[in-house]
2 protein chains.
Amino acid sequence: MGLVVQKYGGSSVADAEGIKRVAKRIVEAKKNGHQVVVVVSAMGDTTDELIDLAEQVSPMPAGREFDMLLTAGERISMALLAMAIKNLGHEAQSFTGSQAGVITDSVHNKARIIDVTPGRIRTALDEGNIAIVAGFQGVSQDKKDITTLGRGGSDTTAVALAAALDAEVCEIYTDVDGVFTADPRVVTKAKKIDWISFEDMLELAASGSKVLLHRCVEYARRYNIPIHVRSSFSGLQGTWVSNEPTGDKVEQAIISGVAHDTSEAKITVVGVPDKPGEAAAIFRAVADAEINIDMIVQNVSAASTGLTDISFTLPKAEGRKAIDALEKAKGAIGFDSLRYDDQIGKISLVGAGMKTNPGVTADFFRALSDAGVNIELISTSEIRISVVTRADDVDEAVRAVHTAFGLDSDSDEAVVYGGTGR
Amino acid sequence: MGLVVQKYGGSSVADAEGIKRVAKRIVEAKKNGHQVVVVVSAMGDTTDELIDLAEQVSPMPAGREFDMLLTAGERISMALLAMAIKNLGHEAQSFTGSQAGVITDSVHNKARIIDVTPGRIRTALDEGNIAIVAGFQGVSQDKKDITTLGRGGSDTTAVALAAALDAEVCEIYTDVDGVFTADPRVVTKAKKIDWISFEDMLELAASGSKVLLHRCVEYARRYNIPIHVRSSFSGLQGTWVSNEPTGDKVEQAIISGVAHDTSEAKITVVGVPDKPGEAAAIFRAVADAEINIDMIVQNVSAASTGLTDISFTLPKAEGRKAIDALEKAKGAIGFDSLRYDDQIGKISLVGAGMKTNPGVTADFFRALSDAGVNIELISTSEIRISVVTRADDVDEAVRAVHTAFGLDSDSDEAVVYGGTGR
């Protein structure tokens with residue numbers, strides 16, 4: 001039996017009872033002969049409470065100190081978890097990100113892991129301990145300051161440690177049973193996916209699926225670490241994310257799932273002169289403001305005016321900043337006006353089967369049309385089609401597409417395509 | 001202007017308002033031209049809440065993990081304090097005990113500082129920062145594990161840093177105005193002491209005064225660091241603790257104050273054979289159980305029986321353990337029985353003037369006698385007399401002695417003694 005890394009999120013360790021439940025599960029893995037490394041998030045609402053405190057003392061908490069503050073959360077949960085395990089008669093030691101050798105860059109609040117040197121973890125394991133590691137945090141390479149990895153950072157910690165320790169698997173424990181073919185809160189007939197490839201999972205994550213974050217899946221793919229997403233509340237098998245299907249029964253589906261996202265807004269730059277360099281100027285202005293954009297669409301220019309419109313989507317939270325940046329550059333770029341719209345939603349269909357199955361795109365648009373959903377923007381990748389619609393239409397659109405592609409749990413109709421390419 | 005170390009206790013930073021108030025005070029010191037190092041405790045009840053959580057997951061939390069848990073408390077307060085200072089337009093950086101170079105032994109929950117290497121603090125100060133340091137915590141020299149210093153540990157952190165950084169003064173901010181001639185909750189006429197010697201302060205601390213702990217005063221005396229105990233809620237001068245009186249008006253009082261302590265119990269070993277080695281055997285048994293004892297009194301042996309009684313006092317919390325240890329050694333030692341009494345109190349009169357003023361002891365006993373207080377045990381040092389009485393008599397006894405020695409705030413009668421020795 002090899003080494004497993006298990007990660008438990010805040011909802012799994014929300015209180016003392018949760019911690020004791022998780023401790024039992026960890027001890028089971030140890031009893032089964034595994035070496036066990038556990039990555040743990042802060043308990044329940046701890047992080048939100050700390051953020052609230054920070055806002056009470058300072059409207060703009062500084063990065064370094066904010067990270068110092070937030071990392072107290074995992075310190076509490078990991079120490080309690082180690083105590084709970086020891087109380088079950090097994091040896092456990094907790095380690096901060098710094099002690100675990102999680103080395104990052106110096107970008108506070110959203111640091112990137114640049115190296116993992118888990119010497120102390122190895123020693124602790126070799127001495128028979130279960131090692132408990134604080135998720136979400138590291139130490140900067142140059143200044144030795146405490147850093148945090150940003151949203152979903154504990155998953156990344158877990159995958160990075162799994163890679164550095166050459167683990168068999170990285171188990172991500174959460175409060176749902178795995179990755180579903182759609183958000184079960186929207187599509188009651190959504191099915192749990194038994195296996196999904198890294199590529200499809202990356203597209204789902206990029207398209208609004210919240211179970212795993214893009215960054216964590218990317219890390220796992222790079223180092224080829226299988227991820228097993230499962231519930232900490234049940235003993236059920238969850239979703240395996242890996243290069244190759246695991247087990248006999250699983251084979252790659254044509255369509256992995258339908259994701260949706262209502263966290264974005266759309267900005268349309270109206271009346272852009274249709275000449276070289278205009279789009280570049282617009283997106284340079286946005287990039288200089290450190291705003292990540294998602295979809296971009298440029299309309300065909302009207303021959304009569306020589307003017308075109310360019311639309312793009314971006315996180316709502318960055319809308320104000322983007323508008324300001326563009327207004328400031330208006331003179332240099334030369335456009336008529338800006339339109340801002342935060343009542344949009346994005347629906348994405350993801351599946352590697354798309355590459356070799358023509359007709360997927362047409363069927364997708366047909367399903368939306370039948371449901372009376374109007375499409376405002378379209379963007380595609382090799383294994384994904386995304387459309388932007390009115391926010392109010394999103395739930396209905398997701399259900400329609402989910403049913404159309406035979407993904408509903410009570411559906412017999414596996415959709416079959418012939419030929420190659422779409 | 002030199003370097004000052006300021007220490008703020010949990011009651012001074014109990015909430016966001018407290019943190020902002022303390023931040024202003026710190027910035028004042030910086031504006032006055034000082035380099036400022038701040039040692040901060042955990043906010044208000046944080047430590048108690050963490051202990052409560054630990055008890056929920058494990059009846060006997062392990063030392064290493066318990067320390068990891070508790071140190072989250074200062075991590076929160078120090079980061080918030082640094083943010084609050086930055087919000088006032090001054091540069092500040094927070095440092096854990098480990099980052100500040102507080103090196104300890106490996107005795108978890110009550111580690112001792114064995115070295116302080118404040119390189120990062122020096123650098124931060126030289127770069128113009130106010131340095132905020134987590135009190136109460138360090139890192140063990142051998143295993144690099146996080147340790148805590150036990151009760152009152154933040155005061156010790158402050159004095160140790162003051163010594164290592166060669167500070168002008170270590171200011172201990174608290175919720176009272178300084179050290180008083182008696183506990184103001186018992187003696188309403190107690191006066192604030194302007195200056196007190198290290199020696200007298202050590203005796204007061206050992207005798208039950210809670211404002212400063214013995215360990216912290218001892219450290220300050222060893223490195224000759226003046227301590228200024230003062231309120232974080234007022235701008236008043238507090239109590240200076242140092243080798244030499246500060247300022248013109250202060251001169252050493254004959255009597256510094258009256259301390260009392262009701263946290264101890266008394267054990268009497270009855271019917272001990274009056275022969276060499278018996279007392280040694282008794283206190284070896286107690287010492288082997290790692291129990292600290294305070295006063296010891298052996299009665300004159302009764303000639304008829306050749307047996308004597310030996311009484312000693314110790315913290316109530318260790319009473320059970322001491323009784324067990326003695327019962328186990330009963331056969332080897334040879335005594336009749338044990339008596340346990342936790343309804344006792346100790347009153348101590350402290351003052352270097354005692355050495356050169358005869359009659360202090362007699363006046364002390366007279367004051368107790370006039371108040372109808374019966375004395376059960378007596379112990380003395382060069383500058384202290386302590387008696388054990390019934391717990392119920394303690395408050396009355398303290399007030400009587402305080403008045404008798406002219407310490408009451410409305411008293412004109414400074415007690416004067418002639419001659420030398422008592």
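Here is a short chat about a few residues of a predicted model.

Q: What should I know before we start?
A: It's a predicted model, where local features need pLDDT of at least 70 and side-chain atom pairs count only at pLDDT 80 or more, while totals for chains, interfaces and linings use all residues. Residues are numbered from 1 along each chain as its sequence is written, chains are lettered from A and ligands numbered from 1 in the order written, and side-chain values use heavy atoms, leaving out hydrogens and water.

Q: Which residues does the UniProt "binding site" annotation cover?
A: The unreviewed UniProt entry includes Gly9(A), Thr174(A) and Lys210(A) among them. Such annotations may be inferred rather than shown by experiment; positions follow the numbering used here, and feature names are shortened.

Q: Where does Gly9(A) sit?
A: In the loop between β1 (3-8) and α1 (16-31) of chain A. Helices (H or I, at least four residues) and strands (E, at least two) are DSSP runs, numbered from the N terminus.

Q: Is Gly9(A) buried or exposed?
A: Buried, with a relative accessible area of 9%. Buried means under 20%, exposed over 50%, partly exposed in between (1.4 Å probe, protein chains only).

Q: And Thr174(A), which strand is that in?
A: Thr174(A) lies in β9 (residues 169-174) of chain A, and is buried at 18% relative accessible area.

Q: New topic: what polar contact does the side chain of Ser207(A) make?
A: One with the side chain of Ser348(A), at 3.4 Å. A polar contact pairs N or O atoms within 3.5 Å; within protein, one must be able to donate a hydrogen and the other to accept it, and residues adjacent in sequence count only if both atoms are side-chain atoms.
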